[in-house]
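I opened a new page for this structure. My plan is to look up a handful of features and note each one briefly.

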Amino acid sequence: MRRLVKPASGDASRFPVFYTVIGGITASVGLELFLHPHDMIAGGVTGISRLMSLYTQEHFGLLLFVLNLPLMLLYSLSTHKPMLLRALPGLFAFSGSAIILSPFPAVSGHPVVCALGGGICIGLGAGLAARHGGLLDSLGLNESDDGRPSTLLLTHRKIPLIQIVMLCNGLLLITAGFVLGWEPALYSALSCLAAYETTRLMFTGLTRMVCVVSKKQQTVEDAIYRRLRIHSTPVGGSAQIEGKIKSESEDKKEQMVIVYNVQLLDLQRFKAVIQMADPQAEIMYMKRWKT
């Protein structure tokens with residue numbers, strides 16, 4: 001499987017600061033009203049701040065701001081991107097609302113409910129902020145502005161930042177198991193998974209834009225419509241996509257590109273129908289960014 005990435009072209013609204021602030025408040029609700037009362041933590045610098053607050057007796061919201069700020073500044077200087085100015089409003093709202101909400105009790109006494117609810121709130125907040133140019137956690141820097149995975153230059157090798165983030169979160173959850181207990185750590189892992197999936201859905205939605213490259217265009221279209229009742233989608237930039245695909249190999253000059261909007265629940269059946277209609281067909285996902 002291959003993936004086509006459509007680059008971001010700017011903020012998704014005329015008032016991006018408003019949405020980053022709302023995102024920060026939403027994420028803090030997930031932390032203070034769902035996770036923290038049950039000794040659960042989130043991933044990234046947010047989780048590190050929580051563990052440090054338990055030992056230093058400093059407030060979590062203050063540590064969250066203090067630890068994120070230099071990392072965001074370092075990233076802005078190293079990549080020459082004005083990311084810090086876009087991230088500050090959301091970070092202020094995230095840490096400030098965490099301070100305000102900390103005295104309130106948990107929404108539910110059931111840890112599974114709080115793990116899922118907290119993860120969903122954090123994912124909604126982080127996704128809302130990221131869609132509008134903000135950032136709530138400096139370890140959420142896993143993609144560049146052009147949609148490609150960000151990399152860090154370590155020991156003369158470029159390492160994808162997402163791998164570093166996953167490693168840090170794994171070590172963080174293991175540490176939480178020793179410090180807070182393994183049961184809260186397992187619930188924290190569930191919360192991190194819910195947050196990740198919610199953030200991903202904030203970008204991809206409930207449908208995926210899929211490109212099918214096949215020499216048997218009519219056969220594939222008929223099979224998909226007959227089995228799934230899905231019509232192909234006209235896309236303005238499909239000619240450019242087709243040109244990029246054709247330029248990769250002379251053998252693909254006779255191939256055609258078909259674009260579909262596919263529901264996530266139908267994605268596996270969609271791929272199975274294509275493989276049955278044309279085993280040589282290629283399937284590519286387009287990452288859509290709201291413009």
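My entries on helices, surface, strands, charges, cysteines and backbone follow.

**Entry 1: the model.** I am working from a predicted model. I keep that in mind for every entry below.

**Entry 2: helix H1.** I checked the length of H1 first. The helix covers residues 16-35, which is 20 residues. At 1.5 Å a residue it should span 28 Å, and the end C-alpha atoms are 27 Å apart, so the two values agree. Then I looked up its buried positions. Among them are Pro16, Thr20, Gly23 and Gly24. The list goes on through Ala27 and Ser28, and it includes each residue from Gly30 to Leu35.

**Entry 3: a nonpolar patch.** Which residues form the nonpolar patch on the surface? I noted Leu54, Tyr55, Leu167, Leu171, Ile174, Phe178, Val179 and Trp182. Together they have about 860 Å² of accessible area. Helix H2 (44-56) and helix H6 (161-180) are the elements that give two or more residues each. H6 supplies the largest share, with five residues. I looked up Trp182 separately. This residue belongs to helix H7, residues 182-204. Its relative accessibility is 45%, so Trp182 counts as partly exposed.

**Entry 4: strand S4.** Is S4 largely enclosed or open? The strand runs over residues 207-214, and seven of its eight residues are buried, so the rest of the structure largely encloses it. I then looked for its partner. S4 pairs with strand S5 (residues 256-263) in the antiparallel sense, over eight bridges. Across from Cys211 I found Val259 of S5.

**Entry 5: salt bridges.** How many salt bridges are there? I count two. One joins the side chains of Arg200 and Glu197, at 2.6 Å from N to O. Both residues sit in helix H7, three residues apart, about one turn of the helix. Arg200 is partly exposed, because its relative accessibility is 30%. Glu197 is partly exposed too, at 29%. The other bridge links Arg269 and Asp266, at 3.0 Å from N to O. Arg269 has 47% relative accessibility, which means it counts as partly exposed.

**Entry 6: cysteines.** I looked for disulfides and found zero. A disulfide is a covalent bond between the sulfur atoms of two cysteines. Cys168 is partly exposed, with a relative accessible area of 32%. Cys192 is partly exposed at 21%.

**Entry 7: positive phi.** Most residues other than glycine have a negative phi. I searched for exceptions and wrote down Asp39 and Gln57. Asp39 has a positive phi of about 60°. Where does Asp39 lie? I found it in the loop between H1 and H2. Asp39 is partly exposed, with a relative accessible area of 37%. Gln57 has a phi near 65°. Its place is the loop between H2 and helix H3 (60-79). Is Gln57 buried or exposed? With a relative accessible area of 66%, Gln57 is exposed.

How values were computed. Residues numbered from 1 in each chain as written. Predicted model: local features only at pLDDT ≥ 70, side-chain atom pairs only at ≥ 80, totals over all residues. Heavy atoms only, no water. Helix = DSSP H or I, 4+ residues; strand = E, 2+ residues; numbered from the N terminus. Expected span 1.5 Å × (residues − 1). Buried < 20%, exposed > 50% of the residue type's maximum accessible area, 1.4 Å probe, protein only. Patch = residues over 30% accessible without salt bridge, like charges linked within 9 Å, V, L, I, M, F, W, Y side chains within 5 Å. Areas by Shrake-Rupley, 256 points an atom, 1.4 Å probe, with all protein chains shown as cover. Salt bridge = Lys/Arg side-chain N within 4 Å of Asp/Glu carboxyl O. Pairing = 2+ DSSP bridges. Disulfide = S-S within 2.5 Å.
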